[in-house]
Amino acid sequence: MTINVQDSKSLPLQEKIVHNNKTARAIELIILSFLVSILVYRIISFKDQDQNHNFPWFLAFLCESWFTFIWILSMNIKWNQSYTITYPERLLERVNEFEFPALDIFVTTADPILEPCIITMNTVLSLLAIEYPTNKLALYLSDDACSPLTYYSLVETTKFAKLWVPFCKKYNIQVRAPFRYFTSNSTPLEDDCLEFQHQWKKMKIEVAAQRPFTCDDPNSEFAVFCDVNRSDHQAIIKVISENTDLPIVIYISREKNPKHHHQYKAGAMNVLTRVSGVMTNAPLMLNVDYDMYANNPQVFLHAMCILLVTRMIRIVYIINGLGALQGIFYMGSNSFHRRKVIYGLSPNDKTKSGNIRNEDLHKVFGKSFELRESAAQILSGSNPKKENRTSPSTLIDASIDVAGCSYEYGTDWGKKVGWLYGSTSEDILTGINIHGKGWKSVMCSPEPLAFLGCAPSTFPSSLVQQKRWANGLTEILLSDKNPLLLTMKGNLWFRQALAYYWICLWGTHFLPKLSEMAFIIPVGIFVIYNVYVLWELKRLGVSLRMWWNLQRMGRVIAMTSWFYGFLSMMLKLMGLSKTVFEVTQKEHMSNDGVGYHNDKNVNRFTFDKSPVFVPGVVILLVNMTALVNSVLKLSKVDYSEIWMEVLGLELGEMFCSIWLLLCFWEFLKGLFGNGKHRIPSSSIWKSGVIALFLVCSWKRSSPLL
């Protein structure tokens, strides 16, 4: 059927597609019925247990009650599923470019070694080359390390962008991060025109070019970085590009002082918000981690398909996740926000410029006249046109003022305005506060995916990252932003609150004998659950090997980093420790990737002396002891006895121990490995002492030991 132009203009820019989830719901209900059944079995059978077995039986009941609760939370999230399809081609047909809203882009980095500059700059290039009116964009790079290398890299990247951006747009390049576009296997096709082949080679040579720099020259633009202390320095703000064919590019290193808490990433995001409010004050903001390069050049247009047609929705999260409740969680990166929402506005607030008192603005936003004026414009919806704005380079002094480490004192920054403080998971805390005001969020996953990134380079780095999340999410549960409190006091939906509980909690003879009919319950749970998860993943194109890796890592992470993060939070509450934000190390794989794929140890775990490994080694040693003890018991069995009695000798528990050993197989190899693939002796000794203590403590009450 042919659609004429008039009809095409009436078509929606976005559509919400609801999944038919009946099969998955039925399986989830079956699993839930098994979980409830085993709880009933525990209660009914408790009185029949030997007194010495009461403790492991009760402990198993508590664990299974917890599993049931988590499963109910998981069902709540997955019960209704939907996703949003956007149509940027329709947007371009009916909206002129000058009508597109301005957008401030925030890129954050904290360490040029752990977060390599080459990755950061590729992210910057991919964003500068995005399909969106150039004069509507401003890119801010926050460098929390105050590194001359990062600043130098941004200067050189901006120079190269003057060649790279026109090249991408002229030839409609889809992957606009050079380190992904220029791989060892990428060459111009013979059918490509000679002009493109020439430009392609020119771009690749420019990417490989290196130019020296020095901080020693007092007249150099790098002189401000000379002998700088990354944890104690004045704010540095430099406008690298403006009034060109590129978006505005600005470097920011906020002021640091040991006497003032810098609030980790949340503090950096608030400085970015204030500085951009003074300099460009775009009504929309996008925040991207240093390693999350734009993989789809039309990602901004996809976002506008939602923002320009929806009045009730103020946040757009371009990541996979929830879509049928109040919306996707804010997960810290690749997220579009309306500035007025970050400034604390609620959906029902209809503030007019004449109703905003200067005293109120001073209390909320601070002493800066420029920031108060720009905030009033945003809150009242009277943001001036770009041509009437002051050039960013003339506002550096005012921007340095709002980037000071003491600027927030006596204001609402970090409390009611901006990214909230009080958790190392500042993204979830900020997102739950926004949802608590009644806002909705929308998830959009265009094809190809909007953003791609890098994973932690080592297993210890991955566990550190997971531990930080566990610590931060536990802090949220113990704060005034607890999901249920926001449901009672605010506008957070109850089911959305349960979804937040799910992510915040993301983190013996105890089975019926074979001779009991109840034995079918745990067996049914195990089989149906694993088959169900495998079926779900196969629908997404995930391989059997990946399913098994996810199974293993789910147990390893829960028993190591999440347990350790919870323990750290408890120690903090008792005043015995402080929360420390640890930067996760990522790595940049070489373009050819040859060495990476040929390395036989590439998929092996690496270990260090971090205490986060100790719980995992303890779990391994305890289950090895239990398994050996059970095997010794079986070796003493008189096989002339009834077979059902023989099969009743803790075979279920033995299977659980074997399953855990398989999940912790890399830890077992780590006990006998070499170099970085070996668990340090100090960790083994500590784990051994704890495991021995647990075995001795449980030996009397647990027949398996």
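Predicted model: local features only at pLDDT ≥ 70, side-chain atom pairs only at ≥ 80, totals over all residues.

User: Which residues of α2 are buried?

Analyst: Buried in α2 are Ala 24, Ile 27, Glu 28, Ile 31, Leu 32, Phe 34, Leu 35, Ile 38, Leu 39, Tyr 41, Arg 42 and Ser 45.

User: What span should α2 have, and how far apart are its end C-alpha atoms?

Analyst: The span agrees with expectation. At 1.5 Å a residue, the 24 residues of α2 should span 34 Å, and the end C-alpha atoms are 34 Å apart.

User: And α3, what span there?

Analyst: Helix α3 covers residues 54-78. Its 25 residues should span 36 Å at 1.5 Å a residue, and the end C-alpha atoms are 36 Å apart, which agrees.

User: What do the buried residues of α3 pack against?

Analyst: They pack against α2 (22-45), α18 (494-504) and α19 (520-539). Among the buried residues of α3 are Pro 56, Trp 57, Ala 60, Glu 64, Thr 68 and Trp 71. The list also includes Leu 73, Ser 74, Met 75, Asn 76, Ile 77 and Lys 78.

User: Zoom out. How many helices and strands are in the chain?

Analyst: The chain has 27 helices and 12 strands. It has 705 residues, and 52% of them count as buried.

User: How much accessible surface does the chain have?

Analyst: About 34,100 Å². Carbon and sulfur atoms account for 59% of that surface.

User: Back to helix packing. At what angle do α20 and α21 pack?

Analyst: Helix α20 (residues 544-559) and helix α21 (residues 561-573) pack at about 20°. Their axes are 3 Å apart. The angle is under 35 degrees, so α20 is roughly parallel to α21.

User: Which residues meet there?

Analyst: From α20, Val 556, Ile 557, Ala 558 and Met 559. They meet Ser 561, Trp 562 and Phe 563 in α21.

User: How do the residues of that contact divide into nonpolar, polar and charged?

Analyst: The contact of α20 with α21 has 6 nonpolar residues, 1 polar and no charged.

User: Now the backbone. Which peptide bond is cis?

Analyst: The one from Glu 447 to Pro 448, with omega near 0°. Pro 448 sits in the loop between β11 (440-443) and β12 (451-452).

User: What about Leu 449, where is that?

Analyst: Leu 449 is also in the loop between β11 and β12. At 38% relative accessibility, it counts as partly exposed.

User: What does Leu 449 touch?

Analyst: Leaving aside neighbours within four places in sequence, Leu 449 is in contact with Asn 295 and Asn 296. Leu 449 and Val 299 are 150 residues apart in sequence, yet 8.5 Å apart C-alpha to C-alpha.

User: Where do you see positive phi in a residue other than glycine?

Analyst: Asn 334 has phi near 60° and is not a glycine. Cys 146 also has a positive phi, about 50°, and is not a glycine.

User: Where do Cys 146 and Asn 334 lie?

Analyst: Cys 146 is in the loop between β4 (137-143) and α6 (148-170). Asn 334 is in the loop between β9 (313-317) and β10 (335-338).

User: Is Cys 146 buried or exposed? And Asn 334, buried or exposed?

Analyst: Cys 146 counts as buried, because its relative accessibility is 1%. Asn 334 is buried too, with a relative accessible area of 5%. The cut-off for buried is under 20%.

User: What does Pro 101 touch?

Analyst: Not counting residues up to four places away in sequence, Pro 101 touches Tyr 132, Lys 136, Pro 283, Leu 284, Met 304 and Leu 308.

User: Last one. Where is Asp 360, and how far from Arg 372?

Analyst: Asp 360 is in helix α12 (residues 358-365). Asp 360 and Arg 372 are 9.6 Å apart, C-alpha to C-alpha, and 12 residues apart in sequence. With a relative accessible area of 34%, Asp 360 is partly exposed.

Notes:
Residues numbered from 1 in each chain as written. Heavy atoms only, no water. Helix = DSSP H or I, 4+ residues; strand = E, 2+ residues; numbered from the N terminus. Buried < 20%, exposed > 50% of the residue type's maximum accessible area, 1.4 Å probe, protein only. Areas by Shrake-Rupley, 256 points an atom, 1.4 Å probe, with all protein chains shown as cover. Axes fitted to C-alpha atoms, helices over the stretch in contact; angles between N-to-C directions. Parallel < 35°, antiparallel > 145°, perpendicular 65-115°, else oblique. Contact = heavy atoms within 4.5 Å. Nonpolar A, V, L, I, M, F, W, Y, C, P; charged D, E, K, R; others polar. Expected span 1.5 Å × (residues − 1).
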